[in-house]
Amino acid sequence: RGTALQPLFKMSYSCSKVGDPRPGQPYKGGNFCAFLPENKEGLKTAKLLKKAFERGLTFQIKSCNGEERVTWGPIPHKTSWDGGKARNGYPDAQYLREVGAVL
């Protein structure tokens, strides 16, 4: 297995805004970690993911058991370095191509 880029997102507690499921309601944040291979394609994907994050496309707020919380949005992320596609991990030969198409 090769080296990896590991973006870490720290989302704090805050209040939701217009366009979220329950505007003005507090929501729970969290720490979110993703993995990308440290190669040319991985670096290219990291730049695209950064742009998506800056545009507010990486996360969404969902209601879970009566509590609003931050969750991953529609952009697929690898949250494990192993376990394969079924566990959001590697190996997954199609991931960089698939996430590139989404971005």
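I looked up Tyr-90 and found this residue buried, with a relative accessible area of 12%. Buried means under 20% relative accessible area, exposed over 50% and partly exposed in between, for a 1.4 Å probe and protein chains only.

I noted that the model is predicted, that local features need pLDDT of at least 70, that side-chain atom pairs count only at pLDDT 80 or more, and that totals for chains, interfaces and linings use all residues. Residues are numbered from 1 along each chain as its sequence is written, and side-chain values use heavy atoms, with hydrogens and water left out.

I then checked what lies over the face of Tyr-90 and found Lys-78, at 5.9 Å from the ring centre. A charge sits over a ring if NZ of Lys or CZ of Arg is within 6 Å of the ring centre and within 35 degrees of the ring normal.

I turned to the ring pairs and recorded seven aromatic pairs in the structure. Rings of Phe, Tyr and Trp (its six-membered ring) pair if their centres lie within 6.5 Å; planes under 30 degrees apart count as stacked, over 60 as edge-to-face and the rest as tilted.

For Phe-32 and Trp-72 I read centres 5.4 Å apart and planes at 75 degrees, so this pair is edge-to-face. Phe-32 is buried at 10% relative accessible area, whereas Trp-72 is partly exposed at 22%.

For Trp-81 and Tyr-90 I read centres 4.8 Å apart and planes at 55 degrees, so this pair is tilted. Trp-81 is buried, with a relative accessible area of 16%.

Lastly, I traced a cluster in which ring pairs link Phe-32, Phe-53, Phe-59 and Trp-72.
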